[in-house]
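Student: I have this one open for the first time. Can we walk through it together?

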Amino acid sequence: MRALLTGLVLASSIAIVDAQRGAPPAPPQAPRNAAPIDLTGYWIPLITEDWRYRVVTPPAGDYTSVPMNPAARKIAASWDPARDEAAGEQCRGYGVGGVMRLPGRLRITWQDDRTLKIETEAGSQVRTLAFGGSTVAPTADGDWQGVSRASWDRPEGPMGSGAIFGGGGFGAGRASGGSLKVVTTGMKPGYLRKNGVPYSASAVITEYFDRFDLDGGDVLMVVATETVDPTYLSQPYWTSTHFKRQANATGWNPTACSAR
Amino acid sequence: MEPDRLLGTMTAVAKDRWSRRTRAIALAAVLLAGARTLGQAPPVAAPPAQASSAAIDLSGYWTPALHEDSTERGAGPEMADYSGLPLNEAGRLFALSYDPSRLTLRHHQCDGYVAPYQMRALGNSRAWEERDPHTHQLVAIHWFSQTFEGKRTIWMDGRAHPPAYAPHSWMGFSTGRFVGTALAVRTTHLKQGWFTRNGVPESDQATLQEFFVRRGDHLTHTVVVTDPVYLEEPLVRTTDYARQPVDHQNWLFPCDDGEQVLDRAPDNVPNYLFGQNPGVAEYRKKHPTAQSGHLGGGATIYPAFASGPPRNESALERPAGGARVASVAVNPEPTDGEVHVLRVRDNVYMLVGDGGNIVVQVGAEGPFVVDTGTGRLADKTIAAIARLSSRPIQFIANTSFHADRTGGNLKLRTSGADPSVRGTFFSLQFPGAGIGATIMSHQNVANRMNNAKAASDAVPTDTYLEERRRTFHNGDAIELFWAPNAVTDGDSLVHFRRADVIVAGNVFTTTRFPFIDVANGGTVDGEIRALNDILAKTVYEHQGQGGTLVVPGHGYLSDEHEVVEYRDMVVIVRDRIRALVRTGATLEQVKAARPTADYDTRYGALTGPWTTEMFVEAVYRTLRK
């Protein structure tokens, strides 16, 4: 009987492969329609971690927790907000490396079927997350938010994602749910923290956005971030930042960048 | 051929393993041919997309990334830094009262971490799966942490959480399921612990929702702690882990308690009176730019706080005037009109439901019962005991004369029998001897019941006057220890020595401030002595939990940790009221000062037979004597 079942599984798996080969490829769904999770709406940060470094601008020299290398410490030691203001760079702390940790809401919308847009209260920044095929060109020298390429990261199903002999196990199909993966490069140098902890233009920032629906109706969004920057970091810098979904725009009040 | 028919035919003719395999392959070939044909003719009914969840494998070695809150998680938080914690008044005042020297107390030295803090702690963790050896279904996921040897079990087999009167532990009781990208976990039955190591409390009423998301060698853990006792709103924290390729082979965290401060009085629990925590001034001096908000609170975790006017933190160092707060804790006692049975250990059981916990020990002799509840469900209590033992109840011990300890005496005694006195000279003198169970207690219980004109058959007849009464029954040494002038002047603690179970009566409950019955000989210092007497007999099993089990008069089955937290509470409240008494404060002034403010959400009552004000008054009056 067991061998019979094995045979059935083999047979049906091969059938699936053949069916897929025989059918004309279906047009890919637009990322908006294919979204495994809905991240749109207003999100308010719950600042329960690194509070002293996020709610207020920490004093110069307080870089606790950030794996800075000596070059970064040298840069940070010369932090001068007045100089940033004079250079028109008061948004250095609001770039993609720091803005998600600042005390401000997010508004997430679909700019089009292939582009998610994140607007921030803090510093009135706009991030555009472009899915494959979408074209969002960076500015000539890159801007504070850089170029973000997005994709849906779906978990594998209970028996693996690939078809038989495809290297992924016996299973077919994907599990429910998923995450938003965003890889950002090409940004202007900025601050991981507003007190001058630097990241460079060559940093690569990878983010995963997850949504969790809680008992009682609240919805959380957790953004797990890895910042890789050999110029200023001695190891990848990992943070995870959490937001609670708001029912509406209540309290939405974008503010200008402040270097202080 | 129809597959089913083919299957039936094949099954019928199969004679041995090899023939089955051969025929199965043949069947597969037949099906394959059909499938290929179908596959060439779109549209094809491909297998429906299974909206199933991923089975996330956490197995391996994990090291926490300390890129967030590294000081707090590493060297330790500064005193009076509660920033980022949505504490309510009770949580904040509890923390401000906390003196780190409390950890030098014997019964706190090996306190473990509660699950949410364990997940934030330093040190490596190891995860592995437990699978049914026959079905290979996932039974549980285990998570072991190096620091304090915290071991979590996340049950994946769909089992239900225990009842509210079941014991609590550092890691609580967790069940999980896979949801989308995450392992989602729910946890109940946590012990009281802390959110941060500077005394910010997490109560035993806290419950958790957690999400584990793994991406390759990166794991993100999200926890949502709901704790109505000490939080204004749920606390959300996220922690990242990196997977390690090898076992660092360093998993133990030994701890044994010992004397750290000699000649300290047993009723000394280090604490700060309201407004006198020196850490507050130290913090403000060190962090002038982050003063506003350092004492935590729900509003402080939102962006508006960052842009708003500075908050007056000093006003938060003492209880708010005029507030009257009741407990928000779940009542662990069932109110469904049934008597529920929980096995405590070996042959000792706890019966819950009749307005006060009852303990039953069974064995080759008749049951030994400690306390009889209110008696409203006495018939059901008798029936429950009959399911545990075919013998009639032989002994009843009363820990106090109060109605929730003795209410079922008459019925339970009448239902029982004490064969140990039949046929003795005693039975020749008293023909009724042995008909009915024998009731034991301290003599003062009998005195007060007689004074209250209780039914004579409900009154203890086997009494003791000093220190202890001892007996050996059902294979165990049982001792009744007198706890003079605790709740009353006749309280007993009952210790089943082999089972290592202590029945505390109303000296210890998990549901209310101690019912110090001043009119009947109760005193706050006697209550503290009695709690310390319990602690003098307990031995924890591991990291401050387990080992000796303590049955409270009301509430859930406990161990020494619950007793020590309760003892601390009584001492701290006593210290505050004593300090006020020494200033000449009147009872009304003492009440207005809210000396129980950090415990009201856990134990307080505004109405009912034992309110917070009654407790404060009882302490005040015994200190004034």
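**Strands, sheets and helices**

Tutor: In chain A, strand β5 (residues 147-153) and strand β6 (residues 179-185) run antiparallel and are joined by seven bridges. Strands pair if DSSP finds at least two bridges between them. Strands (E, at least two residues) and helices (H or I, at least four) are DSSP runs, numbered from the N terminus.

Student: What kind of model is it, and how is the numbering done?

Tutor: This is a predicted model, where local features need pLDDT of at least 70, side-chain atom pairs count only at pLDDT 80 or more, and totals for chains, interfaces and linings use all residues. Residues are numbered from 1 along each chain as its sequence is written, while chains are lettered from A and ligands numbered from 1 in the order in which they are written.

Student: Back to β6(A). Which residue there stands opposite A:V147?

Tutor: A:T185 stands opposite A:V147. β6(A) also pairs with strand β9 (residues 204-213) of chain A, in the antiparallel sense over five bridges. There the bridge partner of A:V182 is A:E207 in β9(A).

Student: What do the strands of chain A close into?

Tutor: Nine strands close into a barrel, in the order β1-β2-β3-β4-β5-β6-β9-β10-β11 (chain A), with mixed pairing. On average, neighbouring strands of this sheet are turned by 30° against each other, direction ignored. Axes are lines fitted to C-alpha atoms, for helices over the stretch in contact, and angles run from 0 to 180 degrees between N-to-C directions.

Student: How many bridges pair β1 with β2 in chain A?

Tutor: Three bridges, in the antiparallel sense, between strand β1 (residues 41-45) and strand β2 (residues 106-112) of chain A. A:G41 has A:I108 in β2(A) as its bridge partner.

Student: And which residue is the partner of A:D112 in β3(A)?

Tutor: A:T115 is the bridge partner of A:D112. β2(A) pairs with strand β3 (residues 115-120) of chain A over six bridges, antiparallel again. β2(A) and β3(A) form a hairpin with two residues between them.

Student: What about β10 and β11 of chain A?

Tutor: Strand β10 (residues 219-228) and strand β11 (residues 237-246) of chain A pair in the antiparallel sense over eight bridges. The partner of A:A224 in β11(A) is A:S240.

Student: Switching to chain B. What does the domain assignment give?

Tutor: For chain B it gives domain 1 (54-67 + 77-311) and domain 2 (340-565); such bounds come from an automatic or database domain assignment. The C-alpha centres of these two domains of chain B lie 36 Å apart.

Student: How many residues of domain 1 are in contact with domain 2 in chain B?

Tutor: 20 residues of domain 1 of chain B are in contact with 18 residues of domain 2 of chain B. Contact is counted when the C-beta atoms, placed from the backbone, lie within 7 Å. The domain 1 side has 10 nonpolar, six polar and four charged residues. Ala, Val, Leu, Ile, Met, Phe, Trp, Tyr, Cys and Pro count as nonpolar, Asp, Glu, Lys and Arg as charged, and the others, Gly among them, as polar.

Student: What is the strand order of the open sheet in chain B?

Tutor: The order is β19-β20-β21-β22-β23-β24 (chain B), six strands with mixed pairing. β19 (468-473) and β24 (558-559) of chain B are the edge strands, each pairing on one side only. Strand β20 (residues 476-483) and strand β21 (residues 491-496) of chain B run antiparallel and are joined by six bridges. B:W482 is opposite B:S492 in β21(B).

Student: Which strands does α13(B) lie across?

Tutor: β20, β21, β22 (501-505) and β23 (549-552) of chain B, and α13(B) runs at about 10° to β21(B).

Student: At what angle do α13(B) and α14(B) cross?

Tutor: The axes of helix α13 (residues 524-537) and helix α14 (residues 560-582) of chain B come within 10 Å and cross at roughly 155°. That makes α13(B) roughly antiparallel to α14(B); angles under 35 degrees count as roughly parallel, over 145 as roughly antiparallel, 65 to 115 as roughly perpendicular and the rest as oblique. The residues of this contact divide into 10 nonpolar, one polar and four charged.

Student: And α14(B) with α17?

Tutor: The axes of α14(B) and helix α17 (residues 612-624) of chain B come within 10 Å and cross at roughly 55°. That makes α14(B) oblique to α17(B). By class, their contact has seven nonpolar, no polar and three charged residues.

Methods
Contact = placed C-beta atoms within 7 Å.
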